[in-house]
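Dear colleague,

Please find below the structure that I am handing over to you. My notes on it follow directly after.

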Amino acid sequence: MLEDLTTAASPASWPAAYPQGYAVVDVETTGLARDDRIISAAVYRLDARGEVEDHWYTMVNPERDPGPVWIHGLTSDMLEGAPLFQDIAEEFATRLDGRVLVAHNAVFDWSMIAREYARAEREAPVRQRLCTIALSKELGLPLPNHKLESLAAHFGVVQQRAHHALDDARVLAEAFRPSLRAAARDGVRLPLLECRPLKEWSDSAAAPRIGRQSGGYSSGGYPSGSWRPSRKRPACPYPNPGRYEEGKPLKQGMRIAFSGDTSVDRELLEDRAVEAGLHVATSLSRLTSLLVTNDPDSSTSKVVKAKQFGTPVIDEAAFGQLLRDVEPASAK
């Protein structure tokens, strides 16, 4: 059925620069914060043309409260006997090795995986990722929104257990295959991004152990881990072009400040900004071009100063969209 939805590219027309294999991944987690843990993972390995080679699934004991059980359905009792991440790290790595990681909102799945491997004092063997949200935009698919269920419905893929890692990975693999073939047919450049492994992890305190389930869950309900950057960021080579204007693209050299929690690990988000040619500022001043925060009504010093200075404020999702098309700096 899927083959009928898009004309497959012929062998002669298949882009030579396309990857030789993919790992379609979905992870369920205890939450969205940087100290949250993976509680289940699934991988569908695909060949160069998007055909399924095999699949794998495991639950993972996060050694803490499982978070929003009403979403993922995994309780403390179900996870108590599951392997720890360090016990499945080798098998997981085998599934990822040498392939492009494919996920829906891939930066989230990759950041969770990178953190788990950093905790285990290892590196995930992934160097590139592909987000199916970005690919659907490149293809111009007429989707009402960017939810996985909308992408699945577009290609006639039936979802059986939403927020179950294995079924979400299956659905994504089935939707990715016609997307990949459409991209190859039309000569679309795949939106591949670098996966930069994280080197070090330290926990400031022990989180609640599995079996000690609390009544609620929030991103701030557990002690935070902290990232120690393995490298010093270079100075931004571009002059500050001024403030961001709504409806216009970001421009290289703009000074970007962040405030509050982010769903994507802050360091990864800042790395993406630096790679795009932006200046990441640790404080907010009258020269700041833009403040990124998911809580514009908070009383943090950066938010307060942004209101005083009239600095533009946008949320993380909007910033992620703007990062896809940053305008080059003006020639001197």
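Seven aromatic pairs turn up in a search of the whole structure (Phe, Tyr and Trp rings, the six-membered one for Trp, with centres within 6.5 Å; planes under 30 degrees apart are stacked, over 60 edge-to-face, the rest tilted). One of them joins F85 and F92: the ring centres are 6.2 Å apart and the planes stand at 70°, so this pair is edge-to-face. The rings of F92 and Y117, with centres 6.3 Å apart and planes at 40°, form a tilted pair. F92 belongs to helix α4 (residues 85-96) and Y117 to helix α5 (residues 106-119), so the pair ties together parts 25 residues apart in sequence (helices are DSSP runs of H or I, at least four residues, numbered from the N terminus). W56, F85, F92 and Y117 make up one aromatic cluster. F85 and F92 are both buried (under 20% relative accessible area, 1.4 Å probe, protein chains only), and Y117 is buried at 1%.

The model is predicted: local features need pLDDT of at least 70 and side-chain atom pairs pLDDT 80 or more, while totals for chains, interfaces and linings use all residues. Residues are numbered from 1 along each chain as its sequence is written, and side-chain values use heavy atoms, leaving out hydrogens and water.

E316 is found in helix α11 (residues 316-323). The side chain of E316 makes a polar contact with that of N294 at 2.9 Å (N or O atoms within 3.5 Å, one able to donate a hydrogen and the other to accept it; residues adjacent in sequence count only if both atoms are side-chain atoms).

Yours sincerely

Definitions and conventions
Helix = DSSP H or I, 4+ residues; strand = E, 2+ residues; numbered from the N terminus. Buried < 20%, exposed > 50% of the residue type's maximum accessible area, 1.4 Å probe, protein only.
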